Amino acid sequence: MKKTLLSLLICAALVLSGCGARQDHTDSTALRVAATTYPVYLLTQAVTEGLDGVEVKLVIDQQVSCLHNYTLTMQDMEAVEKADVLVENGAGLEDFLDDVLDGRDVIDASTGITLLNGNEHDDADGHDHAALERDHDHEADPHIWMDPRNAAVMAQNIAEGLAEADPERADAYRANAQATADELATFHQEMMDMLGGSHYDLITFHDGFAYFADSFGMHLLAAVEEEEGSEASAKTIKAIVALVKENDIPAVFTEVNGSDATAQVICRECGIQTYPLSMCMSGDGGGLAAYEAVIRSNIETIMEAYQ
């Protein structure tokens, strides 16, 4: 995920050289907050809901599957430059932004969350999944927001960071965060009730659904990370086909905006279908409702695949 940002930073420096590290606000906005990714943006919106004088901007505002191959744009750089406070997912997701965020006020939304190992689901069923190749591995899985219980902690971390940066609104941030956490707890239970204790085995074509599966009692048999423009090896395809047949899996799950080339090959081989799941990395909605809509849609998709 590390990116060489030198050329982009030079361009940004030329464009923004007269701006300084912080902007003097000439309007009524008292605090400008930039959220690195869409799920962090949605949670930050929930924490700042109803507060006048707080502006929340999304840094990476593009249709993306995830950030493995993302390159910052000038618009992204401008959003960072104009912010008083930045909110990041943390857990290593924004490692490629280290040079950009260095020296700035950054709130890490992952504080206190127990992280899963990036590969720990590979052998969950006792099989050797060495063939399930990845072009990038994480020491820790950073896709923490896919579990609503983690999202509740993230909201409270965001509130504490904003309270420190903006003490006058501290109570309001914390109250919103508590309301968000309460709503997410209710939502999580609602989704568990909808699942009704049914067992679901998942094979996904993105390595970011481990927290989601763990949150809702699903079994993630395998996750294949397929880079855009390339297909998995024959060894990987063979291993996945064997898993599908052995476990009588009715579908494999791709990622919205991600590659599905290998998934389609496997489905043809096994006579099953692909179903898309979302990582909530981009969208048009705002606030907690948009986040919950993504999680709900994923659960409904899995239930439909198993009908």
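At what angle do helix H2 and helix H5 pack? Select residues 38–47 for H2 and 148–165 for H5: the angle is about 60°, and the axes are 9 Å apart. (Axes here are lines fitted to C-alpha atoms over the stretch in contact, with angles from 0 to 180 degrees between N-to-C directions; helices are DSSP runs of H or I with at least four residues, and strands are E runs of at least two, numbered from the N terminus.)

A quick word on what you're looking at: this is a predicted model, where local features need pLDDT of at least 70, side-chain atom pairs count only at pLDDT 80 or more, and totals for chains, interfaces and linings use all residues. Residues are numbered from 1 along each chain as its sequence is written, and side-chain values use heavy atoms, leaving out hydrogens and water.

Now show the side chains between the two helices. From H2, pick Val-40, Leu-43, Thr-44 and Val-47; they meet a set in H5 that includes Met-154, Ile-158 and Leu-162 (contact means heavy atoms within 4.5 Å).

Next, select strand E2, residues 54–58. Val-54, Val-56 and Leu-58 point to one face and are buried (under 20% relative accessible area, with a 1.4 Å probe and protein chains only).

Last stop: Leu-195, in helix H6 (residues 170–195). Leu-195 counts as buried because its relative accessibility is 5%. Leaving aside residues up to four places away in sequence, Leu-195 touches Tyr-200, Phe-216, Met-218, Ile-299 and Met-303. Then find Gly-217: its C-alpha atom is 9.4 Å from that of Leu-195, though the two are 22 residues apart along the chain.

Notes:
Buried < 20%, exposed > 50% of the residue type's maximum accessible area, 1.4 Å probe, protein only.
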